[in-house]
Amino acid sequence: MGTLARFNPLRAFGDLRRFLASRGKHEIIFLFAAFFICGLIVAGFAVASKVDKPYVPPEIIYVQSWRADRTDAEIIAQQKIDMEKKKIQDAREAEFEAKKRAEFKRASDALRKWGI
């Protein structure tokens, strides 16, 4: 026999009614005031948690189409041009990563002073 097999909503409601009937008027008022305040706080967090995302235009990646009759010299020349572009992009990425690494190191060192 499972745990929920003995659960009867009518009996639970009756138990709650008898419990509330045995309490004083001031206890009931404070109970509902506590429920209201908690609900108000939860609702406030729910409303304040809505954050609009800024619009970011989609990144479109175009595919280059190549002629089928290109010579090997043309292919090698284009690869050299592309390699230079890739080196510049790799340098930018490495610089960005170094900045981020330095920021995290500063934060880690600051936390280490506090023994964290």
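Modeller: A residue is called buried under 20% relative accessible area, exposed over 50%, and partly exposed in between. The model discussed here is predicted.

Colleague: Why does Asp109 count as partly exposed?

Modeller: The relative accessibility of Asp109 is 32%. That value falls between the cut-offs of 20% and 50%, so Asp109 is partly exposed. Its partner Arg112, with a relative accessible area of 58%, is exposed.

Colleague: What makes the contact of Asp109 and Arg112 a salt bridge?

Modeller: A salt bridge requires a side-chain nitrogen of Lys or Arg within 4 Å of a carboxyl oxygen of Asp or Glu. For Asp109 and Arg112 the N to O distance is 3.7 Å, so the pair qualifies. The two residues are three apart in helix α3 (residues 72-113), about one helical turn.

Colleague: Why is Lys50 called exposed?

Modeller: Lys50 has 64% relative accessibility. Exposed means over 50%, so Lys50 belongs in that class. Lys50 also forms a salt bridge with Asp52, at 3.0 Å from N to O.

Colleague: How do you know that helix α2 lies largely in the open?

Modeller: Of the 24 residues of α2, the number buried is zero, so the helix lies largely in the open. Across the 116 residues of the protein chain, 1% count as buried.

Colleague: What makes the protein chain more spread out than a compact globule?

Modeller: The protein chain has three helices and zero strands. Its radius of gyration is 33 Å, whereas the globule rule gives 13 Å for 116 residues; the chain is therefore more spread out than a compact globule.

Terms used. Residues are numbered from 1 along each chain as its sequence is written. This is a predicted model: local features need pLDDT of at least 70, side-chain atom pairs count only at pLDDT 80 or more; totals for chains, interfaces and linings use all residues. Side-chain values use heavy atoms; hydrogens and water are left out. Helices (H or I, at least four residues) and strands (E, at least two) are DSSP runs, numbered from the N terminus. The radius of gyration is taken over C-alpha atoms; the globule rule is 2.2 Å times the number of residues to the power 0.38. Buried means under 20% relative accessible area, exposed over 50%, partly exposed in between (1.4 Å probe, protein chains only).
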